[in-house]
Amino acid sequence: MSDVGRLRSSTIRDAAWRSAFRIGFPLARLWWGARRPRHEGALVAILVGESLLVVRSSYRNEWNFPGGGVRPGESPEAAARRELTEEIGLEASEAFSLSAAGEAFGVWDGRSDHVHFFELRLDRLPELLLDNREIVAARLAPPGELRGEALTGPVAAYLARISGPSGSHGLASPTPIL
């Protein structure tokens, strides 16, 4: 169950998709570990006041930000907007201003990853409609509350970047992750 938003009604097709993700993701990780492909992704840190929106996929235990892979010929911002719509039903039209918030490089899930971060700052979170295939839970949490939680590598990198020298979380002035 989700703390924010609502799950789209579950169908047999949704259950089949969740099963395919649960089977396919570990197999993909094995393949990526053997081949070490390069991957480019885009994630969106949605900030509502001092809290961040994190989502849980049907195929992993870690919390993540909405986002995913950048398709060939697609800009990272276009990928971020597409993923917001696909995963949580948020139409990131021009009314929503995505701000570039840096990049992170690492080997996550067995592949060399180049992740573009974007931030979306909202006064309040609109109702979300989780796809109930890939994304099955979402919640708002202050960054400090996420310490000790299972997080994807890119989310951990983003949180490390916004942590101040004293361990406080300064969401007001983003700096690039390079």
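Leaving aside neighbours within four places in sequence, I46 is in contact (heavy atoms within 4.5 Å) with S51, L52, L53, P66, L84, I88, L90, L120, L122 and L125. The model is a predicted one, in which local features need pLDDT of at least 70 and side-chain atom pairs count only at pLDDT 80 or more, while totals for chains, interfaces and linings use all residues. Residues are numbered from 1 along each chain as its sequence is written, and side-chain values use heavy atoms, with hydrogens and water left out.

I46 and I88 have the most contacts inside the largest nonpolar core, which has 23 residues. Such a core is a set of buried Ala, Val, Leu, Ile, Met, Phe, Trp, Tyr and Cys residues joined through side-chain atoms within 4.5 Å; buried means under 20% relative accessible area, exposed over 50%, and partly exposed in between, with a 1.4 Å probe and protein chains only. Two or more residues of this core come from each of β2, β3, α2, β7 and β9. Here helices (H or I, at least four residues) and strands (E, at least two) are DSSP runs, numbered from the N terminus. A second, separate core of 20 residues includes A104, W108, A137 and L146.

Strand β9 (residues 135-141) is largely enclosed by the rest of the structure, because six of its seven residues are buried. Strand β3 (residues 51-57) runs antiparallel to β9 and is joined to β9 by six bridges; two strands pair if DSSP finds at least two bridges between them. Within this pair, V54 stands opposite R139 in β9.

Attention now turns to the pockets. On a 1 Å grid over the protein atoms alone, a pocket is an open set of points where a 1.4 Å probe fits, with protein on both sides within 12 Å along at least five of seven lines, and lining residues have an atom within 4 Å of a point. Grid points are joined across faces, edges and corners, and a volume is the space filled by probe spheres set on the points. The largest pocket has a volume of about 600 Å³. Its lining has 31 residues, with Y59, R60, G68, R111 and E134 nearest the centre. Helix α1 gives the largest share of that lining, five residues.

The second largest pocket holds about 150 Å³ of space. Of its 13 lining residues, R8, E86, D131, R133 and E134 are the closest to its centre. The largest share of this lining, four residues, comes from α2.
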